[in-house]
Amino acid sequence: MNFSITILGSGAASPTGTRNCSAQALNFHGSKLLIDCAEGTQNRIRRHRLKLQSFETILISHLHGDHFFGLPGLLSTMHLCGRTEPVCIVAPQGARECIETLFQLTGNHISFAIDWREMAFAEGEQTVLEHRRYTVVAFPLDHTVPAYGFRIADTMNSIERPFTYAYCCDTAYTEALLPHIAGADLLCTECTFANELADLALQRKHLTAGQAGLLAAKASVGQLLLTHISARYREPDILLQQASAEFENCIMATDGMRLEVRSKRRVEAVQGIEG
Ligand SMILES: [Zn+2]
Ligand SMILES: [Zn+2]
């Protein structure tokens, strides 16, 4: 099994000194995907010595700035560095118009092809990408703007059950997610607030730590990766404790953390907090 994640940003809303906003680099059997692209993501890609041009696919969960504002800069740098290979972008409707309008109004252009896969709202799942090494399925989240979770499964091993990674960020608690994430080997959810701020989480359509753990437990996933941490938690131990009270196999994401599948379809952190 060849699967790894590098956390490029694990913070919510606005960046802090220790957490950039949402972005993750995935490696599925050598194919590279980016999930979400907050401002500053391209700097984090370079900082962690990942190859900027290696990303074939970019998945954008929703168009809030802390998940999307890094995309024009990343595409511009890819162009400036001479990219010729196409890139596939899976994003909510409006992303293409936003990027194309920005480039048009600012006199920038991109020399490589973009294969846009814009997602229209649908109640159920939609298969948005069938790559030779993985399949991406999108499903609706419950957030303040149209937002989508992703379930990514490898297609390389026909003998074993495919390794499955599910990503849900940003969303309020809803058990409508369960069929889409059930049995995932690794589930990543947002974990914006502690349980004490459940009312605020509901109002802003985010998860508390306990709700994140509950989703993982009810979906019978293998492990839970917690991300999208509010800047109010400088020491997020309380979030890890509250999620772990509902589901024991929790990992708290930190910027620069690299997770690899080591054995028994479980990921382990092989690189921790960035120095
Ligand atoms: Zn967010
Ligand atoms: Zn959001």
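## Close-up views of a predicted model

**View 1. Leu33 of β3 faces β4.** Leu33 stands opposite Thr57 in β4. This is a predicted model. Strand β3 and strand β4 (residues 55-59) pair in the parallel sense, with four bridges between them. Helix α1 (residues 41-47) carries the chain from β3 to β4, and the β-α-β crossover is right-handed.

View 2. The strands run antiparallel, and five bridges join β2 to β3 (residues 31-35). Across this pair, Ala25 stands opposite Leu34 of β3.

**View 3. β1 lies antiparallel to β2.** Six bridges join β1 (residues 3-9) to β2 (residues 23-28). Thr6 stands opposite Ala25 in β2. Ala25 also stands opposite Leu34 in β3.

**View 4. An open sheet of eight strands.** The strand order is β6-β5-β4-β3-β2-β1-β14-β15, and the pairing is mixed. Which strands stand at the edges? They are β6 (114-119) and β15 (266-271). Each has a single partner strand, so one side of each is left without a neighbour in the sheet. Direction ignored, neighbouring strands are turned by 20° against each other on average.

View 5. Helix α4 spans residues 95-106, 12 residues in total. From first C-alpha to last, α4 reaches 17 Å, close to the 16 Å expected at 1.5 Å a residue.

**View 6. Helix α7 is mostly covered.** Seven of the 10 residues of α7 (residues 209-218) are buried. These are Ala209, Gly210, Gln211, Ala212, Gly213, Leu215 and Ala216. What do the buried residues of α7 pack against? Their partners are β11 (186-190), β12 (223-227), α8 (237-244) and β13 (250-252). Ser220 follows α7, and its phi is positive, near 50°.

**View 7. The largest nonpolar core has 80 residues.** Those with the most contacts inside this core are Cys37, Ile60, Leu187, Ala212, Leu224, Leu226 and Ala243. Strand β8 (residues 134-140) gives the largest share, five residues.

**View 8. Contacts of Leu226.** Residues up to four places away in sequence are not counted here. Leu226 touches Thr189, Cys191, Ala212, Leu239, Leu240, Ala243, Cys250, Ile251, Met252 and Ala253. One of these, Ala212, is a buried residue of α7. Ala212 and Ala243 are, like Leu226, among the core residues with the most contacts.

Methods: Residues numbered from 1 in each chain as written. Chains lettered and ligands numbered in written order. Predicted model: local features only at pLDDT ≥ 70, side-chain atom pairs only at ≥ 80, totals over all residues. Pairing = 2+ DSSP bridges. Helix = DSSP H or I, 4+ residues; strand = E, 2+ residues; numbered from the N terminus. Axes fitted to C-alpha atoms, helices over the stretch in contact; angles between N-to-C directions. Buried ≥ 20, exposed ≤ 12 C-beta atoms within 10 Å, placed from the backbone. Contact = placed C-beta atoms within 7 Å. Core = buried A, V, L, I, M, F, W, Y, C linked by C-beta atoms within 7 Å. Expected span 1.5 Å × (residues − 1). Right-handed = clockwise from strand over helix to strand, strands pointing away.
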